[in-house]
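The sequence and the structure come first, and the text follows.

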Amino acid sequence: MNSRPASSEPAAPPARQGTLLRQIPAPSDRRPLVIAFPYAGGGAAAYAEWRDLLDADCAVLPVHLPGRERRFQERPYRRMTHLVRDLVAEVGPHMDRRVVFWGHSMGASVAVALTLELARQGFPPPAQILVSGAGSPDRRDLKDLIHVLDDERLTARLHRYDGTPREVMDNPDLLALVLPVIRADFELIETWVRPRPAPLPAPLTVLYGKDDQSVSEYRVAGWPAYSDRPVDPKPFGGGHFFIREHAAEVAGIIRELATGPDT
């Protein structure tokens, strides 16, 4: 199950075969929007529980990335610039209402990159940015490149994250299907030209797992440099996917950010 390291050649953007946002509320539905960006290898279904928990107060719109779920046959993104370009086209028209960005792990990087590009193009910023399971962009170890690992070592790293379903990890055929998508997601993060610390144009909230082996407290502690307002990281018991164990608590924080005043 070995594979060659990812090519150093520029990655072509995937062909547009479907929308990244679905089930957008009608204009008459003025609930705040929570746009949820998935973690590496994750799909829109990862946020189904939060849609149910928050439906009465806000509309959770997971980003449907190609290469997984109903878009399994499509080529995944491998460059942040390509993904953000397409997100701006779909998200930009909705920034005239109250919008919260929530990104877990890889999704945190996408939320930051999209916020910066929207600002560059003159769109209003999100009302709030919530990042979870992620360190600040400037504190990532640039020598720790996961996307160039062979399949065996990549699989070992996935065990550390403990996010891929056990039925997939224990089935070589299923694992062989999902590894290329996970590798592409890590390539997207690891080839991203990360922004230097500077305040984002929106309030920032940071959640992290105290037992997360992939995101150190040192990396989490870098987030305040990306805000001109107080940032008090909120620790949770659990590892990288603490959000699953604390779904109700996380939903409460999202609800407060989406419906409450900016701070």
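Where is the place of S105? S105 sits in the loop between β3 (99–104) and α3 (106–120). The model is a predicted one.

**Two positive phi values**

Most residues other than glycine have a negative phi. S105 has a phi near 60 degrees, a positive value in a residue other than glycine. Q23 also has a positive phi, near 55 degrees, and lies in the segment before β1 (33–37). Is each of these residues buried or exposed? Q23 counts as exposed because its relative accessibility is 59%, over the 50% cut-off. S105 is buried because its relative accessible area is 17%, under the 20% limit. The table sets out both positions.

| Residue | Phi | Relative accessibility |
|---|---|---|
| Q23 | near 55 degrees | 59%, exposed |
| S105 | near 60 degrees | 17%, buried |

**The sheet**

Six strands form an open sheet in the order β2-β1-β3-β4-β5-β6, with parallel pairing. Why is one side of β2 and of β6 left without a neighbour in the sheet? β2 and β6 (234–236) stand at the edges and each has a single partner strand, so one side of each has no neighbour there. On average, neighbouring strands of this sheet are turned by 20 degrees against each other, direction ignored.

β1 and β2 pair in the parallel sense over four bridges, and V34 stands opposite V60 in β2. Together with helix α1 (residues 48–54), β1 and β2 make a right-handed β-α-β unit. Strand β4 (residues 128–132) and strand β5 (residues 204–209) run parallel and are joined by four bridges; V131 has V206 in β5 as its bridge partner.

In a regular strand the side chains alternate between the two faces of the sheet. In strand β2 (residues 59–62), A59 and L61 point one way, V60 and P62 point the other way, and all are buried.

**Packing of α2 and α3**

Two packed helices are described by the angle between their axes and the distance between the axes. The axes of helix α2 (residues 80–91) and α3 come within 9 Å and cross at roughly 65 degrees, in a right-handed crossing. Which residues make the contact? From α2 they are M80, L83, V84, L87, V88 and V91, and from α3 they are S109, V110, A113, L114, E117 and L118. By class, the contact has ten nonpolar, one polar and one charged residues.

Methods:
Residues are numbered from 1 along each chain as its sequence is written. This is a predicted model: local features need pLDDT of at least 70, side-chain atom pairs count only at pLDDT 80 or more; totals for chains, interfaces and linings use all residues. Side-chain values use heavy atoms; hydrogens and water are left out. Helices (H or I, at least four residues) and strands (E, at least two) are DSSP runs, numbered from the N terminus. Buried means under 20% relative accessible area, exposed over 50%, partly exposed in between (1.4 Å probe, protein chains only). Two strands pair if DSSP finds at least two bridges between them. A crossover is right-handed if, with the strands pointing away from the viewer, the path from the first strand over the helix to the second runs clockwise. Axes are lines fitted to C-alpha atoms, for helices over the stretch in contact, and angles run from 0 to 180 degrees between N-to-C directions. A crossing is left-handed if the near helix is turned anticlockwise from the far one by less than a right angle, and right-handed if clockwise. Contact means heavy atoms within 4.5 Å. Ala, Val, Leu, Ile, Met, Phe, Trp, Tyr, Cys and Pro count as nonpolar, Asp, Glu, Lys and Arg as charged, and the others, Gly among them, as polar.
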